[in-house]
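Thanks for coming, everyone. Please bring the model up on your screens, and we can walk through it together.

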Amino acid sequence: MIEKVISFGCSFSDYMRYIDKTYGECVAEELGVEYIHEGSGAGSNQRIFRKFFEYLKNGTINENTLVTLQFTQIGRDVPHIITKGTSK
């Protein structure tokens, strides 16, 4: 049984401009379950993967979790200024 919905993605999964409710939030409301929002405007595919695996590793994602993964364009990368001196 689904207990929560977690959405990962870029701006198409986020509260951008005139968006009051994301598709993940709509799904969670329809199912009557908790919603966890991890969409981020200008988010890279590396961020989407990283956040997904963080949730998986810490046990937040389990057999009762509905996950949506919305990847961005293939060429979008983490800006150099953010990654300089850190690991991806």
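Ground rules. This is a predicted model, in which local features need pLDDT of at least 70 and side-chain atom pairs count only at pLDDT 80 or more, while totals for chains, interfaces and linings use all residues. Residues are numbered from 1 along each chain as its sequence is written, and side-chain values use heavy atoms, with hydrogens and water left out.

Confidence. pLDDT is the predictor's confidence in each residue, from 0 to 100. The protein has a mean pLDDT of 86. Of its residues, 84% reach 70 or more. Look at residues 80-84: pLDDT stays under 50 there. For that stretch the model has two contacts beyond four places in sequence. Contact means heavy atoms within 4.5 Å.

Now the sheet. Helices (H or I, at least four residues) and strands (E, at least two) are DSSP runs, numbered from the N terminus. Two strands pair if DSSP finds at least two bridges between them. In what order do the three strands lie in the open sheet? The order is E2-E1-E3, and the pairing is parallel. E2, residues 34-39, and E3 stand at the edges with a single partner strand each, so one side of each has no neighbour in the sheet. Neighbouring strands are turned by 10° against each other on average, direction ignored.

Count the bridges. E1 is joined to E3 by six. E1 is joined to E2 by six.

Buried means under 20% relative accessible area, exposed over 50%, partly exposed in between (1.4 Å probe, protein chains only). Six of the six residues of E1 are buried. In a regular strand the side chains alternate between the two faces of the sheet. Here, Lys4, Ile6 and Phe8 point one way, while Val5, Ser7 and Gly9 point the other.

Next, the helices. Angles run from 0 to 180 degrees between N-to-C directions, with axes fitted as lines to C-alpha atoms, for helices over the stretch in contact. Helix H1, residues 23-31, packs on the sheet and touches E1, E2 and E3. Its direction makes about 170° with that of E1. H2 lies across E1, E2 and E3 too, and runs at about 155° to E1.

On to the core. A nonpolar core is a set of buried Ala, Val, Leu, Ile, Met, Phe, Trp, Tyr and Cys residues joined through side-chain atoms within 4.5 Å. Which residues make up the largest one? There are seven: Ile6, Phe8, Ile36, Ile48, Phe52, Tyr55 and Ile61. H2 gives the largest share, three residues. Pick Ile61 and show its contacts. Beyond four places in sequence, Ile61 touches Ile6, Phe8, Phe52, Tyr55, Leu56 and Val67.

Aromatics. Rings of Phe, Tyr and Trp (its six-membered ring) pair if their centres lie within 6.5 Å; planes under 30 degrees apart count as stacked, over 60 as edge-to-face and the rest as tilted. The whole structure holds four such pairs. Take Phe8 and Phe52: the centres are 5.8 Å apart and the planes at 85°, so this pair is edge-to-face. Phe8 lies in E1 and Phe52 in H2, so the pair ties together parts 44 residues apart in sequence. Both are buried: Phe8 at 0% relative accessible area, Phe52 at 16%.

Phe49 and Phe71 form a tilted pair, 5.1 Å centre to centre, with 35° between the planes. Phe49 sits in H2 and Phe71 in the loop between E3 (65-70) and H3 (80-83), so parts 22 residues apart are tied together. Buried or partly exposed, this Phe49? Phe49 is partly exposed at 43%, and Phe71 is partly exposed at 38%. One cluster to highlight: Phe8, Phe52, Phe53 and Tyr55.

Arg47, in H2, is buried at 18%. Leaving aside neighbours within four places, Arg47 contacts Gly9, Glu38 and Ser40. Arg17, in the loop between E1 and H1, is exposed at 79%. Its phi is near 50°, a positive value in a residue other than glycine.
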